[in-house]
Amino acid sequence: MKKIAVIGSNGQLGNCIRKIAPDFEHQYEFLFTDSKTLDITNEEQVNDFFYDHQPDYCINASAYTAVDLAEKEKEKAFAVNADGVANLAQACAEYKSILIHVSTDYVFDGDTNLPYSEDDFTNPIGVYGESKRRGEELALEINPQTVILRTSWLYSEFNKNFVKTMLNLFSQKDELGIVADQFGQPTNANDLAQAIMEIIQSSNKTFGIFHFSNYPETTWFEFAKKIAEFSKSSVKLNPLTTEQYPTPAKRPVRSTMSLDKIEEAYKIEARHWENSLEECVDILSQP
């Protein structure tokens, strides 16, 4: 039976993979690790793990994702998002494992009106994006058998994310201001987990960089409006400009990604973000 190592299994994506793992238990043995059981910034720990378990696939769902804090903690962000990825890629190369690494739309500067393709020039405007781009580069340099999945605006019923934050705020406030001039694609982490399993099960592997998200593009404001609608909240939402809501790290204005490549290579069709969001809000609304 083939083995799948899931690194960072206590995060949003890791928990979504845990949720569907029983559906695949007759095909794969899952090895779930978190930062307490496997520190990917520790090369020796990573080597020992691969020596002991020799997984056929390694899903790297771990990341330093504190976008604003990264501006102050550059070394920490690069240690996890770049050096840690290099350690995993090195071990994957040595043990002939396929690495599936999750990256971000923040590798782009967002200064465009067209969806980004996988081959478009990357130009991150913050430390988080810089560290994730370096991780991509190292993964592909060290282990050619790597699939990189750039995703965006990830949310789920697990951990902290925009949807859960909004639902919490809706219960506390009558009125909220939400940024309305930044565009992107909300992505349900459950859909990303399913896409990863489809890639693993594919008999015709294509390596390199792919984009995966729900579609089409929207703004944080429109996203919040749908969360309010699906949760039957009466909160009043007001559109804000980026200037009215300054943050330590700059965000891409429009980081919309083309999804053509993953559909062509793996026959994975993206879902409409509203459908995926409604499912998540339903789960979170259950008593």
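So, where is the place of Lys 267? Lys 267 sits in the loop between helix 8 (260-266) and helix 9 (273-285); helices here are DSSP runs of H or I with at least four residues, strands are E runs of at least two, and both are numbered from the N terminus.

Quick caveats. This is a predicted model, where local features need pLDDT of at least 70, side-chain atom pairs count only at pLDDT 80 or more, and totals for chains, interfaces and linings use all residues. Residues are numbered from 1 along each chain as its sequence is written, and side-chain values use heavy atoms, with hydrogens and water left out.

Back to Lys 267: phi is positive, about 55°, although the residue is not a glycine. Lys 267 counts as exposed, because its relative accessibility is 63%. For the cut-offs, buried means under 20% relative accessible area, exposed over 50%, and partly exposed in between (1.4 Å probe, protein chains only).

Next, Trp 153, another residue other than glycine with a positive phi, near 45°. Trp 153 lies in the loop between strand 5 (146-151) and strand 6 (154-155). With a relative accessible area of 9%, Trp 153 is buried.

Pro 216 belongs to the loop between strand 10 (208-211) and strand 11 (218-219).

Last stop, Glu 43. You'll find Glu 43 in helix 2 (residues 43-53). Its relative accessibility is 46%, so Glu 43 counts as partly exposed.
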